[in-house]
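Please open the structure in a viewer and keep the selection tool at hand.

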Amino acid sequence: MGRHSRPHLVAIDGPAGSGKSSVSRAVARRLGFDYLDTGAAYRALAWYVLSKKIDPADAPTVIAALGGFDYSIGIEPDRYYVQVGDTVVTDLIREPEVSAAVSAVAHIPEVRSYLTKLFRTIAAGSPRTGVVIEGRDITTVVAPEAEVRILLTASEEARMVRRSAEISTQSAETVAEQLRSRDRADSQVVEFMSAADGVITVDSTHLDFDQTIDAVIDVINTRREELA
Ligand SMILES: Nc1ncnc2c1ncn2[C@@H]1O[C@H](COP(=O)(O)OP(=O)(O)OP(=O)(O)O)[C@@H](O)[C@H]1O
Ligand SMILES: Nc1ccn([C@@H]2O[C@H](COP(=O)(O)O)[C@@H](O)[C@H]2O)c(=O)n1
């Protein structure tokens, strides 16, 4: 794929466990786009501050630590990795300690503006024709100008069932409570439970994984036709 002036953006937001990462990655693969997981950067920063024994809620110290936060992420759907310095943290950032700490760093406005700039730079540098970028504030803050903006949602019950099917080391109740409390904490700083103006909702509660991918692709195709 040759260089182009600016990749097309598909912005996808939604609550924890709604399928943003898995669906976005599959959609990107189908379209030949790159895929940018923005939650990975918040998680990697949480991992980094924990590794430095910094309290994730100590805003001035977390902000000071941003200078040493050497972050990289793979945006090709089939070459996904997350790295901080020399350490590959792809799996480490999914550990429960990191999930429990991530909302605290995400609450810090300086962290949000720092990472927002980073996401824009990474997306703009994609050599592909488009990037699917997913998170909590992509449709509203990171890329409100995206050609396609989607809120991917599912009932709380469906999200809990899907997430607890993935995690065998914790009880279903623990997984559900962690998901709920992360959504509660995140909702204090970003709006991702309801769609902003111009954002299309895809509710996957009664769709299986492949049907959800098809529903997202349908929204993208319809929007492209409208813009053509
Ligand atoms: N429509 C669907 N039907 C069944 N399972 C699904 C569906 N969509 C996603 N899943 C599964 O739900 C689980 C959670 O999805 P995923 O990790 O992509 O969510 P997420 O929104 O990125 O979560 P988080 O914000 O917590 O990282 C995964 O196991 C995924 O395969
Ligand atoms: N655009 C975003 C993306 C993520 N966050 C914060 O990161 C956490 C982890 O995100 P996952 O998508 O991997 O679950 C999330 O709970 C938020 O605290 C964010 O603030 N904005």
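## First stop: the cavity

Select Asp13, Thr139, Thr140, Leu151, Glu191, Ser194, Ala195, Ala196 and Val199, which line the largest cavity. On a 1 Å grid over the protein atoms alone, a cavity is a set of points where a 1.4 Å probe fits but cannot get out, while a pocket is an open set with protein on both sides within 12 Å along at least five of seven lines; lining residues have an atom within 4 Å of a point. Rolling a probe the size of a water molecule over the atoms shows where empty space is left.

The model is a predicted one, in which local features need pLDDT of at least 70 and side-chain atom pairs count only at pLDDT 80 or more, whereas totals for chains, interfaces and linings use all residues. Residues are numbered from 1 along each chain as its sequence is written, chains are lettered from A and ligands numbered from 1 in the order in which they are written, and side-chain values use heavy atoms, with hydrogens and water left out.

The structure holds one cavity of 30 Å³ or more. The volume of the largest cavity is about 30 Å³, a volume being the space filled by probe spheres set on the grid points, which are joined across faces, edges and corners. Its lining comprises four nonpolar, three polar and two charged residues. In this classification Ala, Val, Leu, Ile, Met, Phe, Trp, Tyr, Cys and Pro count as nonpolar, Asp, Glu, Lys and Arg as charged, and the others, Gly among them, as polar.

## Second stop: the largest pocket

Next select Gly17, Arg43, Arg94, Arg163 and Arg182, which lie nearest the centre of the largest pocket among its 49 lining residues. The pocket has a volume of about 1,200 Å³. Colour helix H8, the source of the largest share of this lining, with seven residues; helices (H or I, at least four residues) and strands (E, at least two) are DSSP runs, numbered from the N terminus. By class, the pocket lining has 17 nonpolar, 17 polar and 15 charged residues.

Select Gly17: one of its backbone N or O atoms is 2.9 Å from an oxygen atom of ligand 1. A backbone N or O atom of Asp208 lies 3.3 Å from a nitrogen atom of ligand 1. The protein covers 83% of the 640 Å² of accessible area that ligand 1 has on its own, by the Shrake-Rupley method with a 1.4 Å probe.

Of the 15 residues around ligand 2, the nearest are Arg43, Arg112, Asp137, Arg182 and Asp186. A polar side-chain atom of Arg43 is 2.7 Å from an oxygen atom of ligand 2, and one of Asp137 is 2.9 Å from a nitrogen atom of ligand 2. Of the 450 Å² of accessible area that ligand 2 has on its own, the protein covers 97%.

Methods: A residue is near a molecule or strand if one of its heavy atoms lies within 4 Å of it. A polar contact is a pair of N or O atoms within 3.5 Å; within protein, one must be able to donate a hydrogen and the other to accept it, and residues adjacent in sequence count only if both atoms are side-chain atoms.
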